[in-house]
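These are my notebook entries on a single structure. I list what I looked up and what I found.

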Amino acid sequence: MLKLYNTLTNQVEEFKPIEENKVRVYVCGPTVHDFAHIGNFRTFLFADLLRRYLKFKGYQVHHVMNITDVDDKIIRKSVEKGQTLREYTQIYTDYFFEDFDALGAERPEEILRATDHIPEMIEIIKRLSANGHTYQSDGSTYYRINTFTGYGKLSKMNFEGNVTGASERVDSDEYEAKENARDFVLWKAVKPGEPFWETDLGQGRPGWHIECSAMSMKALGETFDIHAGGIDLVFPHHENEIAQSEGATGKPFVHYWVHAEFLMVEGQKMSKSLGNFFTFRDLVEKGYTPRAIRYLLLSAPHHKQLNFTLEGLRGAESTVARLNDFKLRLNEAAVEDGETPATAELIARSLKRFEDAMDDDLNTAEALAAVHDFVRETNSALAQGSLKADDKKALLAAVDRFDSVFSIFGEVKKEMLDSEIQALIDERQAARKAKNFARSDEIRNQLTEMGIILEDTKDGVRWRRK
RNA sequence: GGCGGCGUAGCCAAGUGGCAAGGCGAAGGUCUGCAAAACCUUUAUUCACGGGUUCGAUUCCCGUCGCCGCCUCCA
């Protein structure tokens, strides 16, 4: 039974979908104004892990992610570049999905752009107005939060004690049009030189929070199972989404709110001034592989801060290389017909430990420990030559089962060597047979420089790329 | 100022009121012509520090220090 920590209740709860066997999930996606950084991807890879594990458990998953393609930053940058909103955001949307795909994240069933859903947003704002939750000021429409009694139930914010000493931002000019500092804007009146939509609420553009209420309810219904995102979205974004959706429908919005914790870098928060700010692309340029980045970002449970270090990433490179080589060797293993009871026992034990760990609020560290112990025990059996054909088949199936959730083992596709390299390997084998080790070592060194690592096994020579 | 989280070996990191998972790295060994890979062994008498509760605490409580998050930019 899967259990998830629910931010709404501050408790780990048994997960029960509204509709049996079907799970509806909404994940707050990227704001497409720049390349996404590894902190962003921690959240998106967590969402990917969640959807994959729900599928592992046999659920049919309907996963929706939004693309925020209108906000102050996007408007400013697109104006600077002389591009339309869509031209500008399309560029970074494409880059985002290149990275997303490279990191092995499965595409959600639906990916929705905010600017494609202006009518749905207007509709919700009208419903909120009909329910007495809004007011107009300087052409903008605001949510009057003291009309929503449940406000603060997600973030458990103490609105009495914390305003006075809080940051200056609360009092900045932008909020002068509001009755109360806690009110937030639903629809922003047009400003000169900015893009706008012609609507019943006047010319303007949406506030930040309304898009997620509009798109999630359109795609998943007025009440759905899981809403996920980064921990920093709890307040105000998700709190405001609840106010908008529940204020409009009068129904519970979401059953389970799950949040991915912050990613630290070298023990500090990631910032450009500290020089520890990494986009996915920065790391790939430094020669790190997407699979290692994925492994590292998934290696600690989502509800804890994770300290990302380059030393740790180098370690993850070793780990995923080892896992991939394991899968290759298992595939190549020459076996006789038959099966052994020890293998069935190993698989059953490992899968149970894996599933128990993942059921426990997606404890990836413990689940990966089960995978690593499984790999080590299988390697022992492989080295002893005790595996039979049915064992091998079952072990490979178990690897696929683990990897349906983590996707860290990589592919087994064996590339062809070019004839020059193959000729060198053949020559080296002949030299070894003739005990001409000087020549064979010379060839091996030559191949190493070409990026080919040789391994002499009892079944012949293996090669792999460095 | 209000609210909350974390601090476990060189690095990343799980975990529980009863002798501290896993990965990376390092050292030794087995195998090998030598390597590589794999495997085996070792690598925290101890879980930031100081008190307290308890038969027993890393795990509960209090305090100190450090790091981090939220309090309308934020994954």
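**Entry 1. Terms and conventions.** I took buried to mean under 20% relative accessible area, exposed to mean over 50%, and partly exposed to mean in between (1.4 Å probe, protein chains only). The model is predicted, and I noted that local features need pLDDT of at least 70, that side-chain atom pairs count only at pLDDT 80 or more, and that totals for chains, interfaces and linings use all residues. Residues are numbered from 1 along each chain as its sequence is written, chains are lettered from A and ligands numbered from 1 in the order in which they are written, and side-chain values use heavy atoms, with hydrogens and water left out.

**Entry 2. Positive phi values.** I looked up Asp361 and found its phi near 55°, a positive value in a residue other than glycine. Asp361 is placed in the loop between helix H10 (341-359) and helix H11 (364-384); helices (H or I, at least four residues) and strands (E, at least two) are DSSP runs, numbered from the N terminus. Is Asp361 buried or exposed? With a relative accessible area of 5%, Asp361 is buried. I then turned to Lys156, a residue other than glycine whose phi is also positive, near 55°. Lys156 belongs to the loop between E7 and E8, and its 40% relative accessibility makes Lys156 partly exposed.

**Entry 3. A cis peptide bond.** I recorded that Phe235 and Pro236 are joined by a cis peptide bond, with omega about 5°. Pro236 is part of helix H6 (residues 234-249).

**Entry 4. Aromatic pairs.** How many aromatic pairs does a search of the whole structure find? The search finds 26. Rings of Phe, Tyr and Trp (its six-membered ring) pair if their centres lie within 6.5 Å; planes under 30 degrees apart count as stacked, over 60 as edge-to-face and the rest as tilted. I examined Phe35 and Tyr92, an edge-to-face pair at 5.6 Å centre to centre with 75° between the planes. Phe35 lies in the loop between strand E3 (22-27) and helix H1 (38-56) and Tyr92 lies in helix H3 (residues 85-102), so this pair ties together parts that are 57 residues apart in sequence. Phe35 is partly exposed at 30% relative accessibility, whereas Tyr92 is buried at 13%.

I next examined Tyr143 and Phe184, which are stacked, 5.2 Å centre to centre and with 15° between the planes. Tyr143 is in strand E7 (residues 140-143) and Phe184 in strand E8 (residues 184-189), so I noted a link between distant parts of the chain, 41 residues apart. Tyr143 is buried, with a relative accessible area of 0%, and Phe184 is buried at 6%.

**Entry 5. An aromatic cluster and charges over rings.** I found one aromatic cluster formed by Tyr53, Phe56, Phe326, Phe354, Phe374, Phe402, Phe406 and Phe409. The ring of Phe56 has the charged end of Arg401 over it, 3.7 Å from the ring centre. A charge sits over a ring if NZ of Lys or CZ of Arg is within 6 Å of the ring centre and within 35 degrees of the ring normal. Lys272 likewise lies over the face of Phe277, 4.9 Å from the ring centre.

Entry 6. Rolling a probe the size of a water molecule over the atoms shows where empty space is left. On a 1 Å grid over the protein atoms alone, a cavity is a set of points where a 1.4 Å probe fits but cannot get out, and a pocket is an open set with protein on both sides within 12 Å along at least five of seven lines; lining residues have an atom within 4 Å of a point. Grid points are joined across faces, edges and corners, and a volume is the space filled by probe spheres set on the points. I found one cavity of 30 Å³ or more in the whole structure. The largest cavity has a volume of about 60 Å³, and its lining includes Arg42, Phe46, Leu49 and His302. H1 supplies the largest share of this lining, three residues.

**Entry 7. The second largest pocket.** I recorded about 720 Å³ of space in this pocket. Its lining has 18 residues, and those closest to the pocket centre are Arg291, Asn324, Leu328, Arg465 and Lys466. H9 gives the most to this lining, six residues.
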